[in-house]
Every structure is written in structure tokens, then in C-alpha cells.
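Colleague: I would like to go through this model slowly, asking at each step how a label was reached. Could you set each value against its definition for me?

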Amino acid sequence: MQKRIRRVNARTDALYMFKKILIANRGEIACRVMRACREMGIGTVAVYSEPDRDALHVRMADEAYHIGPAASAESYLRGDKIIDAARRSGAEAIHPGYGFLSENAAFVRQVTTAGLTYIGPPPEAMEAMGGKIFARIIATEAGVPVVPGTNEPVASHERAIEIAKAIGFPVMLKASAGGGGKGMRLVADEVELGSALDAARSEAMASFGDESVFVEKAVVRPRHIEIQVFSDTHGNHIYLGERECSIQRRHQKVIEEAPSPINSAELRQQMGECAVMVARAVNYVGAGTVEFLVSDVDRSFYFLEMNTRLQVEHPVTELVTGIDLVREQIRVAAGYPLSIGQEDVQLRGHAIECRIYAEDPETNFMPSPGVIKRLRVPSGPGIRDDGGVYEGGEVSIHYDPMISKFCAFGRDRREAIDRMRRALREYEVAGIKTTLPFFREVMEDEEFISGDLDTGFIGRFNERRKKPEPDQAESDLAALAAALSYASTNTVPKPAASQTGISRWRQANDS
Ligand code: MV4
């Protein structure tokens, strides 16, 4: 029986609370973290690159420090500059947000060596979950189901054929150092296996500098369902329900919801307890997400990976549990026990999130940077907009072109969809193209409304819209056109020699 968690109220507990936190990020997540700090009476420090000088997160912060030029490698990825800003500002803790340095164990060690508190998991937990094969081994040893396959890389065609025959086709080849689908190949039979293995290994080497590839049994028509876990420094580990994240485009989540439409209390408990076993196995601390593949055939589920950071889509979990995950992150980092126990977690209603981007759905989602000439964000019951922009502000071509994560909450999925439809019609952004029209169409789509989702949804939806994804070369040309048209009407700093608009955009979108 998990020991009862001592409930503490931040205002009465003798434990210390930070007075000032530096947010080592930008955009909507930096603004989101600052809102939690504000509610807790904690001072906020922003860091910004040159193009972000007038960004919303800089305006919101109590103080802001310039950390470098546009290139992330010279700014938001420069741990030394971020720590220097923390020292100069007197910040006692650093919140990494997501992306950038949020899963960089070396940065965590730099922060703690500098005498600061890192708001996130210990570096050892990050490292344990960073490698796909090692994560599989840990999950297996924790008694969590993983997809049948190998726990060591396969190097020869013969070995790959031997394994594939043992587990049965179709199989999935995956890069050990990879993620986000890079270096992944679905193989239907023995004839394709040799060439697929060569292709997967060369892509893995090109993407990650590590050509090792392992083999798994392919889960047919999988759903991507992930469990939010939370652990503190007192040995408490809980799960906060699941998120359905099967609607993805090029392995980037587009729409997320909580709970999953397959919403089974039994499946939730089974997956939640498995997720907690993984967290416990790596002595996790803080907010984490354990991803699973769920077979739409028999609801069997398999551990995919664990993300050792706060996720983009955390708002849908907050909406159905009523828990502020960033507030819990800050409290746990300051040494407080979790403010709730597993028996206190109750899910209520249904939440849907749309990731609204400055991209043009009519040109295969090419970036559409520029000045936001008009911005009207809807409100009303059950609406939440986690935005990082403002009217008159600019969406930079240098970073992920997210406008906001737009959520609708209802007593059930039907009400959440109705609310999202109404609100998306009211949402106005002028001066740049956005993915709003795409989401308005999805909310009318019968397959989406049915809730019978799997990772193939976007492909089928585009077919229905008669907008199949053109080949990469065509979309590269469109990206170049978008970048050039933007450059012709705006002063665009010369991109770093190593980066072009296309590769920057692709890095942001294909990671
Ligand atoms: C799989 C799979 C089917 N079977 N593994 C995609 C990236 C990485 N998260 C793992 N992925 C997959 N792994 C096996 N054994 C199908 C996918 C997959 C996928 C998974 C989750 C969300 C979207 C996806 C899109 C395509 C393929």
C-alpha cells in the first residue's frame, strides 16, 4: 500500500520556496511557466535571443537577459549563458520547459554544480530513458510489456531475418539512438528486409551518428496513448490519467485529448500502474510521460519510451484532473511532497488540444512567419489558450512556429468537440497563415468525431481532403518559396552558414 502522502499547503509548510526562477525557454511554454510562478508569488527571469527581444515571454518576465543571436546553438542551447543569467539575476532554480535543454543530462549537472536547483528529473533518470534499447530493458525488468523484439542492435541481414522470422512479420526496424520516427522502417516480408535494414541504418547514421538498429514486431493500427506520471523526492509516484496522441503528422503531435476515446477505467489502471513501475525503476522525480502503443485490435499495450520532461500537451491533463502540473513541478523541486495521492486523482470531463501553428495547410504546412496584424483569441466556458504571441508581434522563422495550444473542455467528448468547433470559428489571426482552417475541418470529420483513431488518421484525412502529402522535394521548394517571399518583404537576418530556412524548418518539424 503506497504510504499516505502528507498533504502540505505551500503557505504553511516550513519548507523553503524559491523566490526567483529562471525559465530557460521561449514561446508559449515560457509564458505558461511564468503564470504558475506568478500565482505562487515567485519572481520570473526570462532569457532571450536577439530575434526574441520583443517576444511575449520577455514582456511577461520580471527581468530578462539577452543570451545570444538567433541560432539556438548560440542561445537557448547554451547552458553556460543560461546559468550565467541565473547567477546575475539571483535566480535559485531553472525551469527548462520542453525541447532545447529539457532532456540534457549534462545541463542538469551544470545547473546543480552551479548551486542552482533544476526543476526536473535527476540526470541519471534522463540517461536511463534516453536510449531506446536501454529503456526497453528497464521496462522489461520492471515487468512492463514491451513490443516483442530485440534488445540489441542487428547488424547483418541474416540476423535480421532470423529475428523477424522468430517474432513474425510485419516487423518495425528502429534506430536505437533515434526517436520521432527517424530511421524507422515497416517491413512486410523477408523480401524487403535487407534493403529496409540498409536504409534504416544509413538514415540512423545520418540523423544520429549511430547506425545501430533494432527489430520489433509491428503493432498494426496502433494508437499512441501516453500516461502522465508524477514523482516527488519522498518516494511517491502517481499517474494522472492518459492522453490520446494518435493524431500526428510526420511524428509531430497535432491534436491531443484526455481521456482517450477508448476511455476504459481498467485499461487506464493497467497502463497507469505500468507507467509508475517505470518511474519507480529509474527513481524518477518530477513530471514525466510514459508512451505506449495500444493495438486497436485487442487493446494490448506496449511500452514505447519515457519522456523525462513536461510535455507540450500537458494542458489536457490539467483540465481533466484540475491539477496545475507546473506548480507541482516547482513544489517537488523545492522538496515538497506531492500535494495529492493516487486515491485523490479524479478525472472529470473531456479536453481536446489543437496545436495552432503559423503554417499554411494549403502548401503542405510550410512555415508562414511574419507580423501578426490581428489576433482575436476566443474565450467563454471551457476554453483555454496557452499562447506565446500578441497582436503586432512577430512569428520568427528561427524557431518552432507555434502560435498557441488551444484547448476546449466539456463534460464529455461531444461537448468538448462542440465547444472547440465554436471557438475555432471565433479564433482570428491575420497577417500570417495558420493551421486554424485545418483544425476547423478536422472537428467536422466523421472519423475524428467517431473517436475511432489511430496513427494513420492524418493520412486518411488528407486523402478525404484530396491533399495527399506531396513528396519531400516539392515541399522543400515550397519551403524555399515561403522563406524567400518572407525575406522579400522583411529584413531577415542572414541564416547561419550551416542552416537554411528549409533545414531549420524541418528540424523544428521533423524532430
Ligand atoms: C511502432 C509502430 C508500430 N509498431 N513500433 C513512431 C515514432 C516512435 N514514437 C515510434 N513509432 C511507431 N512505432 C511498432 N513496433 C508505429 C509507430 C508509429 C507511430 C507511433 C506513435 C504515433 C505515431 C506514429 C506514426 C507512425 C508510426
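Colleague: Before we come to the labels, in which helix is the place of Glu 447?

Modeller: Glu 447 has its place in helix α14, residues 446-450, where a helix is a DSSP run of H or I with at least four residues, a strand is a run of E with at least two, and both are numbered from the N terminus. Please keep in mind that this is a predicted model, in which local features need pLDDT of at least 70 and side-chain atom pairs count only at pLDDT 80 or more, while totals for chains, interfaces and linings use all residues. Residues are numbered from 1 along each chain as its sequence is written, and side-chain values use heavy atoms, with hydrogens and water left out.

Colleague: Why is Glu 447 called buried?

Modeller: Buried means under 20% relative accessible area, exposed means over 50%, and partly exposed lies in between, with a 1.4 Å probe and protein chains only. Glu 447 has a relative accessible area of 16%, and therefore it counts as buried.

Colleague: What makes the approach of Glu 447 to Arg 460 a polar contact?

Modeller: A polar contact is a pair of N or O atoms within 3.5 Å; within protein, one must be able to donate a hydrogen and the other to accept it, and residues adjacent in sequence count only if both atoms are side-chain atoms. The side chains of Glu 447 and Arg 460 make such a contact at 2.6 Å.

Colleague: And why is Asn 283 called exposed?

Modeller: Its relative accessible area is 57%, which is over 50%, so Asn 283 is exposed. Asn 283 is found in the loop between α9 (265-281) and β12 (286-295).

Colleague: How do you know that Phe 438 and Phe 439 form an edge-to-face pair?

Modeller: Rings of Phe, Tyr and Trp (its six-membered ring) pair if their centres lie within 6.5 Å, and planes under 30 degrees apart count as stacked, over 60 as edge-to-face and the rest as tilted. A search of the whole structure finds 10 aromatic pairs. For Phe 438 and Phe 439 the centres are 5.3 Å apart and the planes stand at 75°, so this pair is edge-to-face.

Colleague: What makes the pair of Phe 438 and Phe 461 edge-to-face?

Modeller: Their ring centres are 5.6 Å apart and their planes are at 85°, so the pair is again edge-to-face. This pair links distant parts of the chain, with Phe 438 in helix α13 (residues 436-442) and Phe 461 in helix α15 (residues 457-465), 23 residues apart. Phe 438 is buried at a relative accessible area of 2%, and Phe 461 counts as buried at 2% relative accessibility. Both belong to one aromatic cluster, whose members include Phe 448.

Colleague: How do you know that Arg 413 lies over the face of Phe 448?

Modeller: A charge sits over a ring if NZ of Lys or CZ of Arg is within 6 Å of the ring centre and within 35 degrees of the ring normal. Arg 413 lies over the face of Phe 448 at 4.7 Å from the ring centre.

Colleague: Why are β3 and β5 said to stand at the edges?

Modeller: Two strands pair if DSSP finds at least two bridges between them. Five strands form an open sheet in the order β3-β2-β1-β4-β5, with parallel pairing. β3 (63-68) and β5 (117-118) each have a single partner strand, so one side of each is left without a neighbour in the sheet. Five bridges join β2 (residues 43-49) to β3.
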